[in-house]
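Reader: I would like to learn how to read disulfides and aromatic pairs in a model. Please take me through them.

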Amino acid sequence: MALQKLTPITLLSLLAAASLIGGGSSAGVISTYWGQNGNEGSLADACSSGNYGIINIAFLVAFGNGQTPVLNLAGHCDPPTPNSCIRFADQIKTCQRLGIKVLLSLGGGVGTYTLSSADDARQVANFLWNTFLGGQSSSRPFGNAVLDGIDFDIELGTNQHWDVLARALRGFSGGRKVLLSAAPQCPFPDAKLDTAIRTGLFDYVWVQFYNNPPCQFSGNGASLKSAWNTWTSMPAGKIFLGLPASPDAAGSGFVPANVVISQILPDIKRSPKYGGVMLWSRFHDRGFSSAIKSSV
C-alpha cells in the first residue's frame with residue numbers, strides 16, 4: 001500500500017506534542033508501536049497527531065547467533081531492498097523536531113532472534129549502533145536519521161545476555177544517550193527480561209497488562225494495581241501502563257477508555273515512577289489515545 005505524503009506540521013500539532021512531552025511532574029506521555037500494518041498511515045501521521053510522546057518502530061525480527069538481521073515493517077517498505085525505507089528518514093527527523101522520541105523495537109511475538117553469548121550480544125549492539133543509531137554503515141535503512149534508542153520486546157528465545165546488550169548499548173557515546181525501553185509481560189518477574197531490567201539502565205518499562213489474565217484489569221482492578229505496585233519497585237526510570245488500543249488488538253485485557261480514566265489512572269499516577277500509557281498499536285488506535293491523553 002502506498003504511504004501518504006508527509007503531513008505538514010501545524011502549530012496545533014506542535015503545541016499538542018509540546019504539552020505531551022513537557023508537562024508537570026505527574027504528567028505522563030503515550031507511547032505506541034508503529035510499523036506492523038501498512039494501513040496505519042505514515043510515521044509522520046502518527047507524530048503529527050499530537051497524541052504520542054514516544055514511538056517504537058516495530059520490529060527487528062531476526063538477529064543474533066550469526067544470522068543476518070531482518071527488519072520487518074509489514075506493508076510500509078521492503079527493508080532488504082536498497083533505499084526502500086529511506087523515505088522514513090525525513091519522517092523520523094520530523095517526529096524528533098516535535099520532541100517525540102523514536103526507538104527501534106527488537107523482537108516481537110514472531111521471529112528468530114536470540115543471543116548465543118555475551119560476545120554475540122556485543123556484536124548485535126555494534127550492529128544496532130552502526131545501522132540505526134549514531135554509528136556509520138553503508139547499509140542504513142533510514143539513511144542519516146539517528147534513532148533515539150532501542151526497545152526490547154523480547155517474547156521468544158531465552159533470557160540470556162539481554163543485560164549484556166543493554167550495557168553495550170548504553171556504553172556508546174555519540175553526543176546523546178541511547179535510550180532503552182523494555183516491554184515485559186505483567187506477571188512478575190518477566191521470564192525474558194528480568195535480569196536486563198534489574199541493571200537499572202532502562203529509561204522506560206511499558207508493562208503489558210494484556211493477554212495475561214492473572215494481572216490484567218478485571219473487576220475492581222485489584223490484580224492490575226497489585227502488579228503495578230510490584231513493577232514500580234524495579235530499578236527503572238519510568239513505568240508505563242501497557243494496554244491494547246482496541247478490543248481486537250489483543251486476545252484479552254482491553255479496558256474501555258472511560259474505565260482507564262476513572263478506575264486505573266487515578267491510582268497508578270500516585271507513583272513517582274509513573275511514566276504514562278503504552279498502546280498496542282498505532283493501527284489499532286482508532287480514537288483511544290485521543291480519549292485518554294488529557295488524563296494521562
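**Disulfides and ring pairs**

Author: Both Phe63 and Trp162 are buried, where buried means under 20% relative accessible area, exposed over 50% and partly exposed in between, with a 1.4 Å probe and protein chains only. This is a predicted model, in which local features need pLDDT of at least 70, side-chain atom pairs count only at pLDDT 80 or more, and totals for chains, interfaces and linings use all residues. Residues are numbered from 1 along each chain as its sequence is written, and side-chain values use heavy atoms, with hydrogens and water left out.

Reader: How are the rings of Phe63 and Trp162 paired?

Author: Rings of Phe, Tyr and Trp (its six-membered ring) pair if their centres lie within 6.5 Å; planes under 30 degrees apart count as stacked, over 60 as edge-to-face and the rest as tilted. Here the centres are 6.1 Å apart and the planes of Phe63 and Trp162 stand at 80°, so the pair is edge-to-face. By contrast, Tyr204 and Trp206 have centres 5.5 Å apart and planes at 15°, so they are stacked. Phe63 and Trp162 also belong to one aromatic cluster with Tyr113, Phe152 and Phe202.

Reader: How many disulfides are there?

Author: A disulfide is a pair of cysteine sulfur atoms within 2.5 Å. The count is three. Cys47 and Cys95 are joined with their sulfur atoms 2.0 Å apart; the S-S torsion is about 100°, so this disulfide is right-handed. Another links Cys77 to Cys85, and both of these residues are buried.

Reader: What is the pairing in sequence order?

Author: With the bonded cysteines of the chain numbered that way, the pairing is 1-4, 2-3, 5-6.
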